[in-house]
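Visitor: Hi, could you walk me through how a couple of helices sit together here, and then say something about the aromatics?
Guide: Happy to, let's have a look.

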Amino acid sequence: MTTRKTKQRAANAALTIFLLTVSIIVLSPLLLLLNSFKTLSEITYDVAALPETWQTANYERAWNSLNFPRALFNSLLVTVLSNAGVVLISSMAAYRIVRHPTRSNRALYKIFLAEMILPFQVVMIPLTIVIKKMGLIDSIAGVVFAYLGMGVAMGVFTYCGFIKTVPRDIEEAARIDGCTELGTFFHVVFPLLRPTTYTLIVINPFWFWNDFLLPKLILSSEQLRTIPIAIHSLMGQYIMQWDLALPALMMAILPALIAFLAMQQNIVAGLTAGAVKS
């Protein structure tokens, strides 16, 4: 009996420690918000304490010192163009692969699958060399081009599984009415791919918006840097300007949070429909 009680107490203690750890992780964004209103000395002294004086000027200083509107515009431009390009190219490529299963198309599909397995660190140097030879280094177009190359594989894989469930009858009816193959895709097939499109539109921006390594490899001009690169400029070898970096992080999170709240119904519908279709 005593042994059973001891085991029960140990299990309860382990569960309590686990729940406390999870709670700290869940509440960590609140600490980020609180510390964004502190002075640098307060942040370094006690991270968990409330601010003695709420330093709203931190946000103004971060906005001005980082040229935040420009960095925000660059991040939005990269995210929107990359997302639109991935959706358009991957959906058209997947439709061609599924509806025309030739030997070359099957081989191309396997290449896309292989690209998904390779980590970015393996291809980052060759990718940078290719972009430099194309004359796209230190440009937004170069970053977008790189994201298209890295993101289309996942899009093709996702769309292929969904397109296989689309009946051919509706496509044949459109052809009888005189619609071309391209017109059939855009007017008949692509609207039916909405759940998968919503899923990609939601998943990919988390990568495009938060990515640091790829833009850092391609962009060098201060006027072209995205939000992660701009925030990283506050972190030197010996000094970390947390009183500016934390407000900048909060301002970077805000657009993504607004977009998520605005699209949350479509997110749930897209993920649910995609699960049913698969």
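Visitor: So which handedness does the crossing of helix 7 and helix 10 have?
Guide: Helix 7 passes helix 10 in a right-handed crossing. Bear in mind that this is a predicted model.

Visitor: And at what angle do they pack?
Guide: About 155 degrees, with the axes 11 Å apart. Helix 7 covers residues 140–163 and helix 10 covers residues 194–210. Angles over 145 degrees count as roughly antiparallel, so that is the label for helix 7 and helix 10.

Visitor: Which residues meet there?
Guide: From helix 7 you have Tyr 147, Met 150, Gly 151, Gly 155, Thr 158, Tyr 159 and Phe 162. Their partners in helix 10 are Pro 195, Thr 196, Thr 197, Leu 200, Trp 207 and Phe 208.

Visitor: How does that contact divide into nonpolar, polar and charged?
Guide: Eight of the residues are nonpolar, five are polar and none is charged.

Visitor: Switching to rings: how many aromatic pairs are there?
Guide: The count is nine aromatic pairs. One of them joins Trp 207 and Phe 208, with ring centres 5.0 Å apart and planes at 35 degrees, so this pair is tilted.

Visitor: Are those two buried or exposed?
Guide: Phe 208 has 3% relative accessibility, so it counts as buried. Trp 207 is at 30%, and therefore counts as partly exposed.

Visitor: Which residues form an aromatic cluster?
Guide: Tyr 95, Phe 185, Phe 186 and Phe 190 form one.

Methods:
Residues are numbered from 1 along each chain as its sequence is written. This is a predicted model: local features need pLDDT of at least 70, side-chain atom pairs count only at pLDDT 80 or more; totals for chains, interfaces and linings use all residues. Side-chain values use heavy atoms; hydrogens and water are left out. Axes are lines fitted to C-alpha atoms, for helices over the stretch in contact, and angles run from 0 to 180 degrees between N-to-C directions. Helices (H or I, at least four residues) and strands (E, at least two) are DSSP runs, numbered from the N terminus. Angles under 35 degrees count as roughly parallel, over 145 as roughly antiparallel, 65 to 115 as roughly perpendicular and the rest as oblique. A crossing is left-handed if the near helix is turned anticlockwise from the far one by less than a right angle, and right-handed if clockwise. Contact means heavy atoms within 4.5 Å. Ala, Val, Leu, Ile, Met, Phe, Trp, Tyr, Cys and Pro count as nonpolar, Asp, Glu, Lys and Arg as charged, and the others, Gly among them, as polar. Rings of Phe, Tyr and Trp (its six-membered ring) pair if their centres lie within 6.5 Å; planes under 30 degrees apart count as stacked, over 60 as edge-to-face and the rest as tilted. Buried means under 20% relative accessible area, exposed over 50%, partly exposed in between (1.4 Å probe, protein chains only).
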